[in-house]
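Take a look at it before reading on.

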Amino acid sequence: MRSKTSIKRDRFLLTGAAAIGAAAANYSFASAQTGVAATMSGGKPSIVFCHGLWADGSCFTKVMGPLQAQGYDCIAAQYPLNTPENDVTFVRWAMDIMKSPIVLVGHSYGGTVITAAGTDPRVKALVYINALAPDTAAGETSQSIQQKFPATDVLKHIKVVDGRIWLTKEGLPYFCGDLSATEQQLVWATQGAPAANIFAHDAPGVAWKTKPTWYIVGKKDHTVNPDLERFLAKRMKAKTTELDSSHVPMLSQPDRVVDVILSAAQSV
């Protein structure tokens with residue numbers, strides 16, 4: 001037979017759970033958004049990070065820490081890599097809990113995402129890291145702009161399983177070859193798997209035509225062609241920095257990437 005103490009404890013837990021559920025049901029998203037935004041520090045822009053195809057938000061941890069230490073509120077948008085339109089929606093949700101103004105930072109395919117999401121009036125600057133930046137107003141897609149330049153080595157080391165694209169371990173030297181062997185394995189283990197047709201179309205909006213931009217070119221990039229990166233940076237009239245890096249300078253040269261992001265943030 002259960003003790004009276006045990007019965008009372010169970011009743012307390014059930015009552016508490018019911019109360020929490022009722023409170024959650026009555027708590028509007030707008031209230032939550034206001035509460036979170038109110039906790040953000042004032043005086044500096046927020047920084048929202050957008051990851052590429054074989055990645056998640058953890059790829060920015062080496063740069064977020066130093067920025068947070070200098071008083072910048074940072075968040076990495078986590079999106080499912082299904083379609084650009086859907087991923088942009090996730091980025092806007094992330095922006096909704098940050099205070100304005102906002103600096104958007106996009107790596108690789110994340111550049112496609114910030115090109116569309118950056119049209120939001122809260123966004124005041126864009127930072128592209130080895131990134132794509134299609135002019136959708138002119139009919140470009142992320143696929144079509146890449147086809148204007150020679151294919152990169154990493155494309156020989158991918159596989160499609162159940163409609164998702166995976167990077168193989170053999171492709172790591174062409175994706176993040178300037179990292180240690182241990183870090184390369186972590187990159188592989190935390191990869192996202194995009195939909196196989198994710199480059200077929202892009203979300204509307206071309207923010208780099210109207211917003212100030214910064215661009216980092218990886219001179220040793222074997223994932224996005226460095227000449228494509230230079231073309232995009234020149235076309236958007238970006239303040240451009242070239243690094244002797246692979247496709248992931250935010251992991252291999254985080255200090256240099258932080259400097260570029262600070263330059264953008266301090267201009268806001």
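A salt bridge here is a side-chain nitrogen of Lys or Arg within 4 Å of a carboxyl oxygen of Asp or Glu. The model is predicted, so local features need pLDDT of at least 70 and side-chain atom pairs count only at pLDDT 80 or more, while totals for chains, interfaces and linings use all residues. Residues are numbered from 1 along each chain as its sequence is written, and side-chain values use heavy atoms, with hydrogens and water left out.

**Charged pairs**

The whole structure holds 10 salt bridges, including these:

| Pair | N to O distance |
|---|---|
| K219 and D244 | 3.3 Å |
| E183 and K62 | 2.6 Å |
| K156 and D153 | 3.8 Å |

K219 sits in the loop between β7 (213-218) and α9 (226-235) and D244 in the loop between β8 and α10, so their bridge ties together parts 25 residues apart in sequence. K156 is exposed at 63% relative accessibility, whereas D153 is partly exposed at 25%. For these words, buried means under 20% relative accessible area, exposed over 50%, and partly exposed in between (1.4 Å probe, protein chains only).

**A buried serine**

Where is S245 located? S245 lies in the loop between β8 (239-243) and α10 (249-252), and is buried, with a relative accessible area of 1%. Beyond its neighbours within four places in sequence, S245 contacts (heavy atoms within 4.5 Å) residues including N130, D178 and K219.

Terms used:
Helices (H or I, at least four residues) and strands (E, at least two) are DSSP runs, numbered from the N terminus.
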